[in-house]
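Welcome! Please look over the sequence and the model below, and then we will walk through a few places in it together.

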Amino acid sequence: MAASTTAAAAAPPSSCEIARVPEDLLAASIACTTPRDACRAAAVSPAFRASADSDAVWSSFLPRDLPPLADGELSPAPPTKKALYMRLSDSGSPLLLADRLMSMWLDRETGAKCYMLSARALFIVWGDTPEYWRWIPLTDSRFSEGAELRDVCWLEIRGKIHCKMLSQNSTYAVYMVFMILDESYGLDYPPQEAAVVIRESKLTRQVCLQGHENEGENEEEVPQNYRPLMVPVMRGGLRRRNRRLPHGVTVPKKRADGWLEMEMGEFTNEADEDGEVSISLTETRGGNWKKGLIVQGIEIRAKK
């Protein structure tokens, strides 16, 4: 009797206990987690992998109200729901919407819908006046063209998106995506104002499209009492020097794709939101002329 008990204790288990759990029950449990947890679960065991990679799990992570995409954006069609999710959450290659003026992707960790409004989808004061702005082709963007600032003293860029297009109960950050040309001026001072408005809430912050890192040694210093409505031929060589930005001014950061981005603010899209989120970047008080900004668009993505 003792020998029989010892032999039974020494025998290795024939399989993992989790293998006894029905696959559909395991899939239902994993579907209650997050995409990141599902990927981790797939590495636990073959039994977990079969459930964690199933269409039943990944269908639960896909938004039911995806906006219409441009023709061919999902061609060839992903073979599984997990493959579809991974394609939709490839932030390096966002998908164009049907009007080709906006792009979207999913945040890979949370599944929140993220967007970029192209320059053409924005309201730019004097944007269609060639003397002040011009539209240029873009070769390193999902959008075909961007807006180049040629010369203005009144900078005003506005965009908006309906709350229903965004994911509920999600916090978003808003970014201006742009480039600065070598021959730019007037974008470093005075700071601009960024605003994000949702419901009755308006959040503003001071931002600066261009810091002082590009100042050359041969630029002429501008007196503190300088009034910037100057003769146009002088604008390129004049810039305030050694002026420190006020504390708390947001400055741009370099992106992996080579563009610059500058955070404009953040907001939370509650479950019952039914209005619009309005976004703006303005500098209309200083009166100084500005040049050398290329706008790709405004990005609205899940806050990390």
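Setting aside neighbours within four places in sequence, R199 is in contact (heavy atoms within 4.5 Å) with T268, E270 and E273. R199 sits in the loop between β9 and β10 (201–207). Helices (H or I, at least four residues) and strands (E, at least two) are DSSP runs, numbered from the N terminus. With a relative accessible area of 48%, R199 is partly exposed; buried means under 20% relative accessible area, exposed over 50%, and partly exposed in between (1.4 Å probe, protein chains only). From C-alpha to C-alpha, R199 and G275 are 7.0 Å apart in space, although 76 residues apart in sequence.

A word on the model: it is predicted, so local features need pLDDT of at least 70 and side-chain atom pairs count only at pLDDT 80 or more, while totals for chains, interfaces and linings use all residues. Residues are numbered from 1 along each chain as its sequence is written, and side-chain values use heavy atoms, with hydrogens and water left out.

**The whole protein**

The protein has six helices and 16 strands. Of its 304 residues, 45% count as buried. Among contacts in the protein with a separation of 6 or more, 69% join residues 24 or more positions apart.

Which residues of helix α6 are buried? In α6 (residues 81–88), they are L84, Y85 and L88. Seen down the axis of α6, these buried residues fall within an arc of 100° (taken from the directions from the helix axis to the C-beta atoms), so they line one face of the helix. As a general rule, an α-helix has 3.6 residues a turn, so residues three or four places apart point the same way. The cover over the buried residues of α6 includes α3 (35–41), α5 (55–61), β1 (95–96) and β2 (102–106).

**Two pockets**

On a 1 Å grid over the protein atoms alone, a pocket is an open set of points with protein on both sides within 12 Å along at least five of seven lines, where a 1.4 Å probe fits; lining residues have an atom within 4 Å of a point. Grid points are joined across faces, edges and corners, and a volume is the space filled by probe spheres set on the points. In the table, Ala, Val, Leu, Ile, Met, Phe, Trp, Tyr, Cys and Pro count as nonpolar, Asp, Glu, Lys and Arg as charged, and the others, Gly among them, as polar.

| Pocket | Volume | Lining residues by class |
|---|---|---|
| Largest pocket | about 500 Å³ | eight nonpolar, seven polar, ten charged |
| Second largest pocket | about 260 Å³ | three nonpolar, four polar, five charged |

Of the 25 residues that line the largest pocket, S91, G92, R255, D257 and E299 lie nearest its centre. Two or more lining residues come from each of β2, β3 (113–118) and β16 (291–302), and β16 gives the largest share, four residues.

For the second largest pocket, β7 (155–162), β9 (192–198) and β15 (276–283) each supply at least two lining residues. One of the residues in this lining is T282, which belongs to strand β15. Is T282 buried or exposed? T282 is buried, with a relative accessible area of 14%. Beyond neighbours within four places in sequence, T282 is in contact with L155, E156, R158, Q192 and E193.
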